[in-house]
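Take a look at the model below.

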Amino acid sequence: MLRSVWELWMDEALREAQASSHQGDVPIGAVLLDSQGKLIVAGGNRREQDHDPSAHAEIVVLRAAGQKLKKWRFPDATLIVTLEPCAMCAGAILQARVKRLVYGADDPKAGAVRTVANLPDSPLSFHHLEVVAGIRESACRILLQDWFKNNVR
């Protein structure tokens, strides 16, 4: 897909992140696209809303896609997320056999795709994951920074 198409879908992920923010959660959003670039599902962090430490945006979207499509493997899908996935989410993405991960901002504290760790290229990974980073990076980073300035936990 073209970079501009990823930017448009990142805008949708940013809208999902904003919705999470309004529910009191860290503003991270994600969308899962099929092989034709059409939306399968979208979602955001739901940890506070669901009282679930695993309800990160990526997990929420993968679970919803599994329920919708009645499968757990997504070998032709692209996952677009506003922040670099943590180790839990990177593991789930690899388990789901997602073809491509597109993300906005690096996560210098917990990024497990390239910043702190690189699970996709690790000997632990049995699946090749194409990674595209830095899409709408500034907007993704600023959204998170602003949220943390106002919501210190």
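Which residue stands opposite Ala105 in β4? Leu83 does. Before going further, note that this is a predicted model, in which local features need pLDDT of at least 70, side-chain atom pairs count only at pLDDT 80 or more, and totals for chains, interfaces and linings use all residues. Residues are numbered from 1 along each chain as its sequence is written, and side-chain values use heavy atoms, with hydrogens and water left out.

Start with strand β3, residues 78–83. Helices (H or I, at least four residues) and strands (E, at least two) are DSSP runs, numbered from the N terminus. Strand β3 is mostly covered, with 6 of its 6 residues buried. Buried means under 20% relative accessible area, exposed means over 50%, and partly exposed lies in between (1.4 Å probe, protein chains only).

β3 has strand neighbours. Two strands pair if DSSP finds at least two bridges between them. Strand β4, residues 100–105, runs parallel to β3, and 5 bridges join them. Strand β1, residues 29–33, runs antiparallel to β3, with 4 bridges. A helix also comes in: β3, helix α4 (residues 87–95) and β4 make a right-handed β-α-β unit. Right-handed means that, with the strands pointing away from the viewer, the path from the first strand over the helix to the second runs clockwise.

Now follow Leu32, which lies in strand β1. Its bridge partner in β3 is Leu79. In sequence, Leu32 and Leu79 are 47 residues apart, yet their C-alpha atoms are 4.5 Å apart in space. Leu32 is buried because its relative accessible area is 0%. Its contacts (heavy atoms within 4.5 Å), not counting residues up to four places away in sequence, include Ile40, Val61, Phe74 and Leu79.

Asn45 sits in a loop, between β2 (39–44) and α2 (47–50). Is Asn45 buried or exposed? Asn45 counts as buried, because its relative accessibility is 5%. Among the residues that Asn45 touches, leaving out those up to four places away in sequence, are Ser20, Asp25, Ile28 and His56.

Next comes empty space. Rolling a probe the size of a water molecule over the atoms shows where such space is left. On a 1 Å grid over the protein atoms alone, a pocket is an open set of points where a 1.4 Å probe fits, with protein on both sides within 12 Å along at least five of seven lines; lining residues have an atom within 4 Å of a point. The largest pocket holds about 480 Å³ of space. Of the 21 residues that line the largest pocket, Ile28, Leu83, Asp107, Leu144 and Phe148 are the closest to its centre. Helix α5, residues 137–150, gives the most to this lining, with 4 residues.

Most residues other than glycine have a negative phi. Lys70, in the loop between α3 (57–69) and β3, has a positive phi near 60°. Lys70 counts as exposed because its relative accessibility is 70%. Arg136, in the loop between β5 (130–133) and α5, has a positive phi of about 55°. At a relative accessible area of 35%, Arg136 is partly exposed.

End in helix α1 (residues 3–22), where Gln18 has its place. Gln18 is partly exposed, at 34% relative accessibility. Gln18 and Asp106 are 88 residues apart in sequence and 18 Å apart in space, C-alpha to C-alpha.

Conventions. Grid points are joined across faces, edges and corners, and a volume is the space filled by probe spheres set on the points.
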